[in-house]
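Subject: Handover of a structure and the findings in it

Dear colleague,

Please find below the structure that I am handing over to you.

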Amino acid sequence: MTFTKILENDQDLWDLFTRKEEYKCERVDNHDRFSYSFSKNREILSPKCSEYLLQNGLKVEYPGNKKFAVCLTHDIDNLLNSRIYRYLNSLRLIKKRQLKEAFTKIIKKNREKFETIMKLEEKYRMSSTFYVMTTTKHLYYKPYDIRDIKNELIYLEENGWEVGVHGGYYSYLNYDYLKTEKQRLEDILGKSVEGHRSHYLRLKVPETWELLAKAGFNYDSTLGYDDTVGFRNGMCHPFKPFNLEKGCEIDIIELPLVVMDKVIFLPSKLGLGLEQGWQICKKLIDTTRILNGVITFVWHYEVFDETFFPGWDKIYEKILSYSTNKNAWLTNASKLCNFWKQNVLSQDKK
């Protein structure tokens, strides 16, 4: 029995799983996103659909007899040597009279930041996913050029990390943009690219999924909220989205995004302190563990900077440490989705 057949037995859960309320919805924010504030589902911290699937036969056995999976990702919105990042960071430091450090920021190499993140993750015997922007168009500023970090991206891939596409601001409803952005990264890496996450988490249900599948992506990891954390469609497991208009599954795996660092800590979002932020992460990890599920985090590349994001990197390491102690499989998105496709979705078809 498939996920679809199980969840269809409960109309409320089926509507939640398929995101029925988002179809042709006119309530969107200023970035054309369906926000949590618009949703009828107020139990965002409860993965009700996954719980129902477990009650009705879903069984998952992770590699190494792990209890659950933690997927670690990093969105690269700005490079540390991009003009806008250098300017803003240096301006802040100059205002604080930290002139020497401001100068250091201007000449800081991206390779050092990548290696800092890699070294931290190696400590926990895992590798993560980095999503890079390959678009040439953006709402506010000209994006960075991935050719500037070609060596770094190849270095990541050669050492077991994944590099995926961070879809451009205008790409989520444009097949040609998505296909071109994927090809640009493949030309840099010299290999096929599997994964995608949309910049600003722009996602139109079900159109974006259909376009991503057509463009040849194996998985997407955009389904999360920009104004809160939690389980947007009640799932703490990867799944194939269902197109209610066509009455069939879409040929792509969706890896739900559960926690975004900036949503937790930025004053314009939840605005939590470090300890409060850690407690909500811990609660979501514990919930996922109970349900033998998968929890996906995004910790932005630029926040591994103690000067401007004090303590954020420490919370990330707490996530790695706590999850390891709770017998989690710490992995990246492509490894997780390929495992899911071969070991869970294959059972789903039997």
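Helices (H or I, at least four residues) and strands (E, at least two) are DSSP runs, numbered from the N terminus.

Before the further findings, a note on the source. This is a predicted model, in which local features need pLDDT of at least 70 and side-chain atom pairs count only at pLDDT 80 or more, while totals for chains, interfaces and linings use all residues. Residues are numbered from 1 along each chain as its sequence is written, and side-chain values use heavy atoms, with hydrogens and water left out.

Helices H11 and H12

The buried residues of H11 (residues 274-290) are Gly277, Trp278, Ile280, Cys281, Leu284, Ile285, Thr287 and Thr288. Here buried means under 20% relative accessible area, exposed means over 50%, and partly exposed lies in between (1.4 Å probe, protein chains only). The cover over these H11 residues includes S1, strand S9 (259-260), H10, S10 and H12; contact means heavy atoms within 4.5 Å.

Asparagine 292 follows H11 and is found in the loop between H11 and S10. The phi of asparagine 292 is positive, about 50 degrees, although the residue is not a glycine.

Helix H12 (residues 312-325) has 14 residues, which should span 20 Å at 1.5 Å a residue; its end C-alpha atoms are 20 Å apart, in agreement. Trp312, Asp313, Ile315, Tyr316, Ile319, Leu320, Tyr322 and Ser323 are the buried residues of H12. They pack against S1, helix H6 (110-122), H10, H11, strand S10 (294-298) and strand S11 (328-331). H12 is followed by asparagine 327, which has a positive phi near 65 degrees.

Helices H8 and H9

How do H8 and H9 pack? Helix H9 (residues 207-215) meets H8 at an angle of about 45 degrees, and their axes are 9 Å apart. That makes H8 oblique to H9. Axes are lines fitted to C-alpha atoms, for helices over the stretch in contact, and angles run from 0 to 180 degrees between N-to-C directions. Angles under 35 degrees count as roughly parallel, over 145 as roughly antiparallel, 65 to 115 as roughly perpendicular and the rest as oblique.

H8 passes H9 in a right-handed crossing. A crossing is right-handed if the near helix is turned clockwise from the far one by less than a right angle, and left-handed if anticlockwise. On the H8 side Tyr175, Leu178, Lys179 and Lys182 take part, and they meet Leu211, Leu212, Lys214 and Ala215 in H9.

Salt bridges

There are 21 salt bridges in the structure. A salt bridge is a side-chain nitrogen of Lys or Arg within 4 Å of a carboxyl oxygen of Asp or Glu.

One of them joins the side chains of aspartate 77 and lysine 262, at 3.9 Å from N to O. This pair links distant parts of the chain, 185 residues apart: aspartate 77 is in the loop between strand S1 (68-76) and helix H4 (83-95), and lysine 262 is in helix H10 (residues 261-265). Aspartate 77 counts as buried because its relative accessibility is 9%, and lysine 262, at 18%, also counts as buried.

Glutamate 157 and lysine 191 form another salt bridge, their closest N and O atoms being 3.0 Å apart. Glutamate 157 is buried at 18% relative accessibility, whereas lysine 191 is partly exposed at 41%.

Arg19, Glu21, Glu22 and Arg232 are linked in a network of salt bridges.

Backbone features

Most residues other than glycine have a negative phi, and most peptide bonds are trans. Aspartate 32 is not a glycine, yet has a positive phi of about 65 degrees. Aspartate 32 lies in the loop between helix H2 (11-18) and helix H3 (48-55). A cis peptide bond joins valine 205 and proline 206, with omega about -5 degrees; proline 206 is in the loop between S4 and H9.

With kind regards

How values were computed. The expected span of a helix is 1.5 Å times one less than its number of residues.
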